[in-house]
Amino acid sequence: MAGGCFWCLDAVYRRIRGVTAVESGYTGSQWPDPDYESVCTGRTGHAEAVRVAFDESVVSADMILDLFFTGHDPTTLNRQGHDVGTQYRSALFAADTADEELFRAAIRRNQENWADPIVTTIEPQATWYPAESFHQDFYTNRPDVGYCHVIITPKLAAVRRRYSSWLVEPSESVGLS
């Protein structure tokens, strides 16, 4: 799932009951072996994204997707706030037609929460590249960084307002690679 800067969605999902692992990374392009610097140029075609593993007996895929549509603004094309470029696009990456159907249903279901049309794209699943370790669990590890206060904390507040019963204290999570 790509929803702008991966630090934001990473912070959201690490605080959700039933989520067992979260990993920030890059996907959505054929460019080999991207790193943060190359992705930030916007020339690789990758999106900053998160992979989320979860226990379906605790939290449903629908809830994971509803959180996605709450944890970022899916109505702005190729941007989240001051972060601008295709690397900050809102996108879901489908492995198969079942994923595509699930994603389309989530877009329809969540459109009522937004005045503007959701522009989230559904793209084919592409090679996943984990982001550098510095980016994993950024919000918890760097709470005094200004970006966390100004950008991530308000997104977490939106999730808290809508899904407070799903929130837990973040725990250390194993990467998905």
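This is a predicted model: local features need pLDDT of at least 70, side-chain atom pairs count only at pLDDT 80 or more; totals for chains, interfaces and linings use all residues.
Two strands are taken to pair if DSSP finds at least two bridges between them. With β3, β2 pairs in the antiparallel sense over eight bridges. With β8, β2 pairs over two bridges, again in the antiparallel sense. Gly25 illustrates both pairings. Gly25 stands opposite Ala49 in β3. Gly25 also stands opposite Pro130 in β8.

These pairings define an open sheet of three strands, in the order β3-β2-β8. The pairing in this sheet is antiparallel. The edges are held by β3 and β8, each with a single partner strand, so one side of each lacks a neighbour in the sheet. Strand β2 covers residues 19-27. Strand β3 covers residues 47-54, and β8 covers residues 129-130. Strand β2 is mostly covered, with eight of its nine residues buried.

The protein as a whole contains six helices and eight strands. Along the sequence, the elements follow the pattern β-α-β-α-β-α-β-β-β-α-β-β-α-α. The C-alpha trace spans about 40 × 40 × 30 Å along the principal axes. A compact globule of 177 residues would have a radius of gyration near 16 Å; the value for the protein is 15 Å, which agrees. Buried residues account for 47% of the 177 residues. The protein exposes about 8700 Å², and carbon and sulfur atoms supply 52% of that area. Contacts between residues at least 6 apart in sequence were also examined; 75% of them join residues at least 24 apart.

A further open sheet has three strands in the order β1-β6-β7. Its pairing is mixed. The edge strands are β1 (2-3) and β7 (121-124), and each pairs on one side only. Strands β1 and β6 run antiparallel and are joined by two bridges. The bridge partner of Gly3 in β6 is Ser90. Helix α3 packs on this sheet and touches β1 and β6. The direction of α3 makes about 160° with that of β6.

Phe68 lies in helix α3. Its relative accessibility is 0%, so Phe68 counts as buried. Leaving aside neighbours within four places in sequence, the contacts of Phe68 include Met1, Ala2 and Gly3. Ser90, Ala91 and Leu92 are also among the contacts of Phe68, as are Leu9, Tyr13 and Thr120. Phe68 and Ser90 are 22 residues apart in sequence. In space, their C-alpha atoms are 9.6 Å apart.

Asn110 is found in helix α4. At 3% relative accessibility, Asn110 falls under the 20% limit and therefore counts as buried. Beyond its neighbours within four places in sequence, Asn110 is in contact with Asp66, Phe69 and Ile118.

The nonpolar interior was considered next. In soluble globular proteins, nonpolar side chains tend to be buried together. The largest nonpolar core in this model has 39 residues. Met1, Tyr13, Val50 and Ile152 have the most contacts inside this core. The elements that give two or more residues to this core include helices α1 (6-13), α3 (61-70), α4 (97-111), α5 (138-141) and α6 (146-163). Strands β2, β3 and β6 (90-94) also give two or more. Helix α1 gives the most, with seven residues.

Val50 was examined as one of the residues with the most contacts inside the largest core. Neighbours within four places in sequence were again left aside. Val50 is then in contact with Met1, Phe6, Leu9, Asp10 and Tyr13, among others. The contacts of Val50 also include Val22, Glu23, Ser24 and Trp128. A second, separate core has six residues. Ala47, Ala91, Phe93 and Trp128 are among them.

Key: Residues are numbered from 1 along each chain as its sequence is written. Side-chain values use heavy atoms; hydrogens and water are left out. Buried means under 20% relative accessible area, exposed over 50%, partly exposed in between (1.4 Å probe, protein chains only). Helices (H or I, at least four residues) and strands (E, at least two) are DSSP runs, numbered from the N terminus. A nonpolar core is a set of buried Ala, Val, Leu, Ile, Met, Phe, Trp, Tyr and Cys residues joined through side-chain atoms within 4.5 Å. Contact means heavy atoms within 4.5 Å. Axes are lines fitted to C-alpha atoms, for helices over the stretch in contact, and angles run from 0 to 180 degrees between N-to-C directions. The radius of gyration is taken over C-alpha atoms; the globule rule is 2.2 Å times the number of residues to the power 0.38. Accessible areas come from the Shrake-Rupley method with a 1.4 Å probe; for residues, only the protein chains shown count as cover.
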